[in-house]
Amino acid sequence: MLSPNEAVDIMRTQSVLVAGLGVAGRGVMAMLDALNARNVVVADDHAPDADVTVAEAIARLDGTDTRPAVVITSPGWSPRSELLVAAADKSIPVVGDIEAAWLADQAGAFGAPRQWLAVTGTNGKTTTTAMLTAMMVADGRAAQSVGNIGTSPGVALSAEHRGEPRADVLVAEVSSFQLHWAPTFTPDVGCVLNLAEDHLDWHGSFRAYAEDKAKVLTARYPVLALDDPTVMNLPAARSALSSNCWAYTTGEPVASEIDHVVGVRDGMLTYNSTPLASAEGISPPGPAGVADAAASAAMATAAGARPESIAAALSTFTVQAHRGQVVSHAGGAEWIDNSKATNPHAAAAALRGQSNVVWVAGGQLKGASVADLVSEIKDGLKAVVVLGVDRAIVADEVRRHAPEVPVEVVSDTDPVSAMRAVVARAARYAADGDRVILAPAAASLDMYTGMSQRGDLFAEFANALPNAQPTTQPTAEGGE
């Protein structure tokens with residue numbers, strides 16, 4: 001493992017190989033440019049402006065004059081990638097974009113080191129990161145979202161080099177991929193929101209996936225998710241209990257072995273006995289939004305934010321598109337776009353604890369089972385409308401576990417007319433006080449260009465219903 005000063009010296013004076021020229025790779029290049037790096041080579045088979053192909057990069061590993069001193073990889077590159085395996089076999093350090101930025105910052109290469117707040121988990125990362133950033137900004141900090149949300153950390157660090165304002169607090173949404181390549185990353189505050197099986201093809205096992213996620217709990221102030229037993233059973237979480245840790249829950253803020261707990265008491269988000277903000281009207285609506293708010297409030301409190309800053313941020317916070325956004329009021333019901341819920345675990349988070357729900361589901365399950373999901377949410381369902389290539393699987397599980405719940409199956413495979421039909425059928429069941437929730441539990445690429453198109457069409461047709469009152473405008477985003 002590289003020390004901060006050693007890493008910066010290598011990046012400035014020795015040969016650096018950057019693997020991948022996507023968003024992360026270009027962020028690394030911005031940082032290296034600000035460091036006046038002397039010898040940088042980019043390997044990518046798909047970027048026209050890369051310096052070498054992957055095969056050429058592998059050949060360079062054996063050259064006396066071309067052998068890199070470090071490889072900085074984009075997070076999507078698997079540990080089994082031929083280039084990265086070859087580098088490791090030759091004892092060449094391989095780090096990711098988060099690790100490289102962290103090391104440079106800790107070495108003081110861009111001024112005084114920043115405060116790093118790291119958010120990870122299977123679901124809810126983006127909303128929690130955005131909430132936490134809003135809380136830190138409301139507290140008067142120069143805070144910026146980085147990582148999977150917002151700006152590449154390398155771009156954020158090198159802002160002053162480009163004549164842009166410096167960020168003193170980096171709120172990082174970090175994926176398991178990024179954490180795999182971040183052996184020394186130690187944020188000031190870190191939280192694993194939840195854990196469920198995901199990306200097992202990349203990590204090889206759930207244990208490996210969980211161990212990578214758990215790296216953020218080495219933080220100076222780890223924040224524990226009391227409501228998630230899988231997280232609480234992590235060795236890193238058990239170790240954190242003996243340190244100065246924080247925790248959060250959607251229940252009462254009480255945990256005998258933890259001194260700092262954020263929870264919900266009498267309708268208020270509460271830190272120990274101190275009220276922070278109303279737990280009502282949080283965006284996104286429902287228990288998932290309250291959980292995200294509790295997590296971000298616990299992290300903000302650990303980072304020193306004042307209660308009034310947390311309240312001010314939550315009072316105006318609006319969730320990003322397709323992540324539980326209320327897109328319309330029609331037929332007396334709220335219409336909620338959670339198209340980002342592309343797996344059963346995410347859908348459970350969107351639907352858990354709710355009642356009078358007309359659930360819109362279906363798409364590409366990719367082998368995932370929805371049996372446990374349906375069993376968990378069945379008491380809150382009023383009706384279900386399914387579409388997509390695996391619609392029959394979802395419909396069968398609803399009929400098996402919730403036979404009293406009506407199921408509508410839309411067989412149309414045209415993306416536009418199918419969603420028009422879905423909304424029309426959902427509207428037959430929606431009444432005052434109900435929620436029509438698009439939480440597909442499945443990917444969208446069987447019919448749509450991505451989860452954004454799926455959510456945008458849902459919002460468009462919901463707002464075309466008689467007497468509909470739009471609450472948002474569709475926002476284009478990247479695919480899943």
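1. Ring pairs first: rings of Phe, Tyr and Trp (its six-membered ring) pair if their centres lie within 6.5 Å, with planes under 30 degrees apart counted as stacked, over 60 as edge-to-face and the rest as tilted. This is a predicted model, in which local features need pLDDT of at least 70 and side-chain atom pairs count only at pLDDT 80 or more, while totals for chains, interfaces and linings use all residues. Residues are numbered from 1 along each chain as its sequence is written, and side-chain values use heavy atoms, leaving out hydrogens and water.

2. Under that ring rule, the count is 7 aromatic pairs. One of them is Trp102 with Phe185, edge-to-face at 5.4 Å centre to centre and 90 degrees between the planes. This pair joins distant parts of the chain, 83 residues apart: Trp102 sits in helix H5 (residues 97-106) and Phe185 in the loop between helix H8 (176-180) and strand E8 (189-192). Helices (H or I, at least four residues) and strands (E, at least two) are DSSP runs, numbered from the N terminus.

3. Buried means under 20% relative accessible area, exposed over 50%, and partly exposed in between (1.4 Å probe, protein chains only).

4. Do look at Tyr221 and Trp246 too, an edge-to-face pair at 5.3 Å centre to centre with 70 degrees between the planes. Tyr221 lies in strand E9 (residues 221-225) and Trp246 in strand E10 (residues 246-248), 25 residues apart. Tyr221 is buried at 19% relative accessibility, as is Trp246 at 7%.

5. Lastly, Trp102, Trp116 and Phe185 make up one aromatic cluster.
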